[in-house]
Structure formats: C-alpha cells, structure tokens
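Hi,

Here is the structure I promised to pass on. Please have a look at it first, and then read my notes below.

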Amino acid sequence: MDHDYYAAYIRRQLSRIQYDNNSATSNAHYQLGLLTGIIAQQAAQDNKIMDLVQAKLEQNPYRV
C-alpha cells in the first residue's frame, strides 16, 4: 500500500461524503419547499374563510 493508493482511497471517501452532503442538502431543500407550499396553501384557505365571514357580516352584521 503506497501513498497513491491511500490518496485515491481518501479522495473516494471524501467524494462519497460530499455526495451524501449534497443529497441531504437537496432533500432538505425539497422538504422546505413542500412545507412552504403547505403553509401558503393553508394561508390561502384561511384568507378564503375570512373573506366568507367578512361577506356574511356585510350582508347581516348581527348574524353570522
């Protein structure tokens, strides 16, 4: 086992670690994107509900 063998081995291990880090980062970005989409969808639904309540109040302010 010489210097070149160990250097190549270490390079392979480092590239494997780099790949795992890139994969984890990519996965985190994907999950963050999904979460952002879910929050935006929920906010839109909440706004629709509040718009309906507001419209109902404007129709008859004493009864919702």
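This is a predicted model: local features need pLDDT of at least 70, side-chain atom pairs count only at pLDDT 80 or more; totals for chains, interfaces and linings use all residues.

What follows is a short tour, from the overall shape down to single residues.

Residues are numbered from 1 along each chain as its sequence is written, and side-chain values use heavy atoms, with hydrogens and water left out.

Now the overall shape. The protein has one helix and zero strands; both are DSSP runs, numbered from the N terminus, with at least four residues of H or I for a helix and at least two of E for a strand. The helix, H1, covers residues 3-59. The C-alpha trace spans about 85 × 10 × 5 Å along its principal axes. The radius of gyration is 27 Å, whereas a compact globule of 64 residues would have one near 11 Å. (That radius is taken over C-alpha atoms, and the globule rule is 2.2 Å times the number of residues to the power 0.38.)

Gln-45 and Ile-17 are 28 residues apart in sequence, and their C-alpha atoms are 42 Å apart in space. Tyr-19 and Asp-46 are 27 residues apart in sequence and 40 Å apart, C-alpha to C-alpha. Pro-61, in the segment after H1, has its C-alpha 46 Å from that of His-29, 32 residues away along the chain.

Next, the tyrosines. There is one aromatic pair (ring centres within 6.5 Å; planes under 30 degrees apart are stacked, over 60 edge-to-face, the rest tilted). Why is it edge-to-face? The rings of Tyr-5 and Tyr-6 have their centres 5.5 Å apart and their planes at 75°, so the pair falls in that class. Tyr-5 is partly exposed at 39% relative accessible area, and Tyr-6 is partly exposed at 44%.

Both also belong to a nonpolar surface patch with Tyr-9, Ile-10, Leu-14 and Ile-17, with about 610 Å² of accessible area together. Patch members have over 30% relative accessible area and no salt bridge, and nonpolar side chains (Val, Leu, Ile, Met, Phe, Trp, Tyr) are joined within 5 Å, like charges within 9 Å. A salt bridge is a side-chain nitrogen of Lys or Arg within 4 Å of a carboxyl oxygen of Asp or Glu. Tyr-9 is in helix H1 and is partly exposed at 39%.

Cheers

Methods. Rings of Phe, Tyr and Trp (its six-membered ring) pair if their centres lie within 6.5 Å; planes under 30 degrees apart count as stacked, over 60 as edge-to-face and the rest as tilted. Buried means under 20% relative accessible area, exposed over 50%, partly exposed in between (1.4 Å probe, protein chains only). Accessible areas come from the Shrake-Rupley method with a 1.4 Å probe; for residues, only the protein chains shown count as cover.
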